[in-house]
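Try each task with the viewer open, then read the solution below it.

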Amino acid sequence: MSLQFFNTLTRRKEPFEPIHPGQARMYTCGPTVYNHAHIGNFRTYVFEDLLRRHLKVKGHRVTHVMNITDVEDKIIREACARGIELDQGDALNPPERIPLDEVTEPFLAAFHDDRRALRIEDAESYPRATRYIPQMVALIRKLMEKGLCYESEGSIYFSIQRFPRYGCLSGHRLDSMKAGARVDQDEYEKDDARDFVLWKGRREGEAFWKTELGEGRPGWHIECSAMAMEILGESFDIHCGGEDNIFPHHENEIAQSECATGKRFVNYWLHSRHLMVEGKKMAKSEGNFFTLRDLIDKGHDAITIRFALARQHYRDSLNFTFEGLKAAGEERRRWTDLLLRLEEITAPGAVSESLRDAVANSDREIEAALDEDLNTPQAIAHLHELTTEANRRIDSGEMTAAESAAVVGVFRKWDSVFAVLPEGRGSLDAEIEALIEERLAARKSRNFARADQIRNDLAARGIILEDTAQGTRWKRG
RNA sequence: GGCGACGUGGCCAAGUGGUAAGGCAGGGGCCUGCAAAGCCCUUAUCCCCGGUUCGAAUCCGGGCGUCGCCUCCA
């Protein structure tokens with residue numbers, strides 16, 4: 001079956017056909033580095049990671065660009081409060097380091113630490129907005145030459161009236177947008193309240209660059225168009241983000257990009273729904289706002305958090321609960337324990353036809369599920385079915401080492417997408433090994449008090465012992 | 001007010017026309033020195049009301065409810 005995605009643009013599932021066969025170019029909206037990313041952000045980044053990993057399994061060469069927004073109102077406010085230099089230099093002759101980096105770099109580093117903890121693979125590129133000011137200026141000048149924008153009090157605005165398809169992504173219609181309940185708080189002067197700013201002229205107390213457009217700083221939307229087109233080309237395959245980005249951010253990206261080039265900007269728009277915590281919108285005021293660090297500090301495992309985020313379909317809102325996190329941990333443990341059991345099997349013999357079929361079936365169904373707009377819940381259900389089947393066969397004592405390897409193979413293959421299995425158990429120090437030996441001897445001599453004491457002591461040190469017919473198995477708790 | 005998504009067992013969740021996958025939690029059993037793990041058994045007329053159809057969780061209409069976006073929040 002072919003890979004298909006639900007395209008926000010058409011509101012339908014469509015087969016994925018990359019512009020260049022075998023190559024998938026994707027751009028995802030990354031973090032604004034003014035604080036630590038929260039688990040809602042990571043829900044989206046984990047979805048995008050699953051997407052890139054599955055594209056790779058399907059044989060595509062993936063070029064993934066995730067932008068870093070490192071100039072923005074809150075960052076500037078913080079810089080201002082700290083008395084950091086507002087002049088960021090000449091856009092065409094930028095210094096290695098700009099003053100705003102002092103605010104953003106610690107959070108950028110933290111973001112990468114967090115995503116690695118969640119096993120989110122490295123993207124091919126992490127462009128920072130502040131390093132692409134000339135490209136943004138060039139793009140704005142192109143739009144100016146085409147007469148699609150206007151200047152007002154030193155700022156430059158895009159006139160959405162000039163783009164007839166405006167609203168194609170979000171479904172907003174120009175005429176009905178006027179009735180919007182919200183009043184724009186922006187103090188800049190616009191011809192039409194719905195127009196958006198491409199370039200903000202320098203203002204008192206705000207960071208600025210010296211550019212051909214004068215002194216000022218870029219608007220928000222322009223960075224993604226400029227960086228995406230610079231790195232991926234004027235037309236590319238996939239653009240992702242959280243659902244809140246559909247309007248206005250992505251809508252505006254389409255308008256400015258397609259007006260500038262006259263070409264289709266992006267073929268597939270994929271958006272993840274938001275995450276809620278314990279049934280409520282995550283908000284600091286609700287006391288249910290969590291960064292990854294918050295959860296790790298509470299003793300939760302990063303990979304289990306990854307699994308809790310990956311386990312639900314990206315287009316459904318995800319209700320993040322501690323009960324759900326516990327369930328995610330149990331599911332992982334079940335798979336981890338199965339792998340330990342499988343590794344212990346040494347029986348010689350061929351792979352039976354029934355096992356070969358079972359494994360091939362699981363493999364096919366998991367692939368089909370992921371092909372169908374990344375249906376992770378269904379793919380996971382198939383892994384659970386394979387788990388039960390494998391445990392049953394192990395219990396029957398008939399599984400061979402070759403069969404065990406076949407089952408492990410399916411788990412490892414799909415874990416290249418899910419990335420939730422342990423890489424290995426590690427090893428034990430000699431002291432613990434000696435205790436395990438001592439306990440075996442104690443059990444043999446029916447000194448169960450001593451045996452249980454050793455088991456309890458080791459459990460307190462994070463080593464869990466389980467007795468099987470073949471001997472004692474250890475694992476880390 | 002405009003646009004959109006969703007409502008399946010205690011919890012999470014698959015399933016888009018043929019009489020409800022899977023996991024977690026709970027209960028019972030087998031196994032075990034005990035435990036753990038594992039296996040087996042166990043809980044649903046799919047929000048409500050109409051309609052289409054031989055047949056609907058699945059399609060259509062109407063309710064009710066939850067959630068999201070409507071200018072810088074993934």
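Before the first exercise, one definition: the domain bounds used here come from an automatic or database domain assignment. Keep in mind, too, that this is a predicted model.

**Exercise 1. Which domains make up chain A, and what separation is found between the centres of domain 2 and domain 3?**

Solution. Start with the whole chain: buried residues account for 39% of the 477 residues in chain A. Its C-alpha atoms fill a box of roughly 90 × 50 × 40 Å along the principal axes. Next, count the secondary structure, which comes to 15 helices and 17 strands. Finally, take the centres over C-alpha atoms, and you get 28 Å between domain 2 and domain 3.

**Exercise 2. Work out the strand order of the open sheet with 4 strands, and explain why β4 and β12 each have a side without a neighbour.**

Solution. Read across the sheet and you get β4-β3-β11-β12, with parallel pairing. β4 (61-66) and β12 sit at the edges with a single partner strand each, so one side of each has no neighbour in the sheet. On average, neighbouring strands here are turned by 20° against each other, ignoring direction.

Now go through the pairs. Strand β3 (residues 23-28) runs parallel to β11, and 3 bridges join them. Look for M26: its bridge partner in β11 is I238. Strand β11 (residues 236-242) in turn pairs with β12 in the parallel sense, over 6 bridges. There, C240 stands opposite L270 in β12.

**Exercise 3. Is strand β12 largely enclosed or largely open?**

Solution. For this step you need the cut-off: a residue is buried if 20 or more other C-beta atoms lie within 10 Å of its own. In β12 (residues 266-272), 6 of the 7 residues are buried, so the strand is largely enclosed by the rest of the structure.

**Exercise 4. Find the open sheet of 6 strands and follow the pairing of β6 and β7.**

Solution. The order is β5-β9-β10-β8-β7-β6, and this time the pairing is mixed. β5 (87-90) and β6 (149-152) are the edge strands, each with a single partner, so one side of each is left without a neighbour in the sheet. Ignoring direction, neighbouring strands are turned by 30° against each other on average.

Zoom in on β6 and strand β7 (residues 155-158), which pair in the antiparallel sense over 4 bridges. C149 stands opposite F158 in β7, while S152 stands opposite S155 in β7. The hairpin of these strands has 2 residues between them, and E153 takes a positive phi near 50°.

**Exercise 5. Which residues are closest to RNA strand B, and which helix gives the largest share of the surface near it?**

Solution. RNA strand B is surrounded by 66 residues, with G40, G171, R194, G242 and A381 the closest. Sort that surface by class and you find 19 nonpolar, 24 polar and 23 charged residues. The largest share, 10 residues, comes from helix α12 (residues 376-395).

Note on methods. Residues are numbered from 1 along each chain as its sequence is written. Chains are lettered from A and ligands numbered from 1 in the order in which they are written. This is a predicted model: local features need pLDDT of at least 70, side-chain atom pairs count only at pLDDT 80 or more; totals for chains, interfaces and linings use all residues. Two strands pair if DSSP finds at least two bridges between them. Axes are lines fitted to C-alpha atoms, for helices over the stretch in contact, and angles run from 0 to 180 degrees between N-to-C directions. A residue is buried if 20 or more other C-beta atoms lie within 10 Å of its own, exposed if 12 or fewer, and partly exposed in between; C-beta atoms are placed from the backbone. A residue is near a molecule or strand if its C-beta atom, placed from the backbone, lies within 6 Å of it. Ala, Val, Leu, Ile, Met, Phe, Trp, Tyr, Cys and Pro count as nonpolar, Asp, Glu, Lys and Arg as charged, and the others, Gly among them, as polar.
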